[in-house]
Amino acid sequence: MGTGMNAIVITGMGVISPVGQTLPDFWDALVNGRSGVDVIRGFDATAYPVKIAAELKGFDPTRVMSEREARRMDPFTQYGVVAAADAWTDAGLTVEGIHPERAGVVMGCGVGGLHVVQTAGMGLVDKGPRAFSPFMVSQLILNIVSGTIAIRYGLEGPNFVVTTACAGGNHAIVQAMEILRRGEADVMLAGGCEGSINELGIGSFAAMKALCRKFQDEPQRASRPFDADRGGFVMGEGAGVLVLETEEHARRRGARIYAKVSGGGQTCDAYHITAPHPDGKQAARCIRLALAQAGLPPDKIDYINAHGTSTALNDAGETKAIRMAFGEAADQVSVSSTKSMTGHLLAGAAAIEAVACVLAIQHGVIPPTINRDTPDPECDLDVTPHTARERRVRAALSNAFGFGGHNCCVVFEEMD
């Protein structure tokens with residue numbers, strides 16, 4: 001499916017991540033196994049049980065917007081807008097070169113304006129109602145990121161935000177792909193963003209025992225997907241955005257094409273608000289649906305960018321789901337979790353992992369899973385530990401599974 005001039009292709013990418021804020025820097029960090037996890041510097045975490053995170057380093061939103069605009073945005077919106085601007089430039093798009101009613105935006109976001117909520121909440125104690133800014137609502141609502149991107153470029157087509165926790169980035173890509181396939185648009189910007197590293201974000205996720213409390217003195221060792229000594233995920237922040245187009249539109253304007261998006265699967269565990277179903281059946285069905293829509297058997301997938309959160313339940317459950325969906329081919333596919341380096345960006349995670357899948361196809365390299373020192377027997381896949389591996393990647397699968405039981409998987413393929 002998605003062959004010929006009906007294919008949905010990727011023509012631009014932007015990434016704002018803890019390990020790099022340009023495509024070359026991001027990819028160089030992944031293939032060389034560099035971690036973005038460190039001691040939290042954005043606030044004093046001394047009293048918190050978790051003192052580490054994968055924060056952005058040196059992020060400057062004013063390279064694409066004014067200081068005034070930046071002040072009126074929560075960080076999650078800044079990240080999404082800058083990643084979208086980079087993807088737009090990378091794709092060689094111009095406002096004059098597209099039909100505004102045939103271009104749109106779908107973004108994934110899970111938490112929204114956590115920084116502005118925290119600031120207002122703290123101010124309320126001291127100032128009462130005077131603490132509220134007239135910009136507060138427009139800073140905290142999740143859909144403001146897709147709306148802001150559209151305003152920037154005058155994109156009048158489909159525009160919305162998907163909120164499915166950690167699956168949001170993949171859901172956004174799948175929804176954008178379907179919009180293009182239905183003929184409702186020619187160009188879609190799709191991805192995910194999150195900015196949850198503050199007292200409220202770290203404190204609440206730590207309270208639910210989701211975050212890693214081990215290796216607080218060795219932060220770069222803390223995110224260790226599929227390792228027997230894993231103890232929870234490490235919070236990250238940032239955004240990833242892809243420009244998706246119909247192949248016909250991309251060819252007509254002479255665009256460079258990275259790869260194609262050929263299939264997506266969407267299911268729900270319908271089991272628990274935070275835990276994946278232990279039988280892995282709906283995650284496996286989600287994988288099978290993505291492969292079926294792409295028209296690919298399991299043995300044609302060369303690489304899986306795993307959800308791989310470094311939590312006990314997810315890693316073992318995802319392994320079970322992959323084996324269930326892939327059968328004998330599960331032993332032939334290369335698997336890695338780039339969260340071992342970037343941390344977990346929540347709804348932004350799948351978006352930057354989509355970029356990683358496309359770059360793996362482009363470069364013929366499997367990024368490693370760092371910190372997989374002691375393989376968990378329940379996670380017995382070819383997890384590509386420590387060091388990147390050269391391998392031709394004709395097709396890659398990206399898995400994303402979110403709180404609430406939301407599952408979304410996407411298949412990316414090299415162009416014929």
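This is a predicted model: local features need pLDDT of at least 70, side-chain atom pairs count only at pLDDT 80 or more; totals for chains, interfaces and linings use all residues.
The search for empty space rests on a simple idea: a probe the size of a water molecule, rolled over the atoms, shows where space has been left empty. In this model, the largest pocket holds about 390 Å³ of space. It is lined by 23 residues, and those closest to its centre are Thr274, Pro276, Thr311, Asn314 and Phe403. Two elements give two or more residues to this lining, namely α11 (312–326) and β13 (395–402). Of the elements, α11 gives the most, with 3 residues. Sorted by class, the lining of the largest pocket has 10 nonpolar, 11 polar and 2 charged residues.

The largest cavity also draws on α11, for both α10 (281–294) and α11 supply at least two residues of its lining. The count of cavities of 30 Å³ or more comes to 1, and about 90 Å³ of space lies in the largest cavity. Its lining includes Asp269, His277, Lys281, Glu318 and Asn407. Pro276 and Asn314 line this cavity too, and both are among the residues closest to the centre of the largest pocket.

At least two residues each come from α2 (67–71), α3 (75–91), α5 (136–140) and α6 (144–153). The element that gives the most is α6, with 4 residues. The lining of the second largest pocket divides into 5 nonpolar, 4 polar and 5 charged residues.

Two of these helices, α3 and α6, also pack against each other. Their axes lie 9 Å apart and form an angle of about 40°. Angles under 35 degrees would count as roughly parallel, and those from 65 to 115 as roughly perpendicular; α3 and α6 are therefore oblique to each other. The crossing of the two helices is right-handed. On the α3 side, the contact is formed by Phe76, Thr77, Gly80, Val81, Ala84, Ala85 and Trp88. These residues meet Ile144, Val145, Thr148, Ile149, Arg152 and Tyr153 in α6. By class, the contact of α3 with α6 has 9 nonpolar, 3 polar and 1 charged residues.

Technical notes: Residues are numbered from 1 along each chain as its sequence is written. Side-chain values use heavy atoms; hydrogens and water are left out. On a 1 Å grid over the protein atoms alone, a cavity is a set of points where a 1.4 Å probe fits but cannot get out, and a pocket is an open set with protein on both sides within 12 Å along at least five of seven lines; lining residues have an atom within 4 Å of a point. Grid points are joined across faces, edges and corners, and a volume is the space filled by probe spheres set on the points. Ala, Val, Leu, Ile, Met, Phe, Trp, Tyr, Cys and Pro count as nonpolar, Asp, Glu, Lys and Arg as charged, and the others, Gly among them, as polar. Axes are lines fitted to C-alpha atoms, for helices over the stretch in contact, and angles run from 0 to 180 degrees between N-to-C directions. Angles under 35 degrees count as roughly parallel, over 145 as roughly antiparallel, 65 to 115 as roughly perpendicular and the rest as oblique. A crossing is left-handed if the near helix is turned anticlockwise from the far one by less than a right angle, and right-handed if clockwise. Contact means heavy atoms within 4.5 Å.
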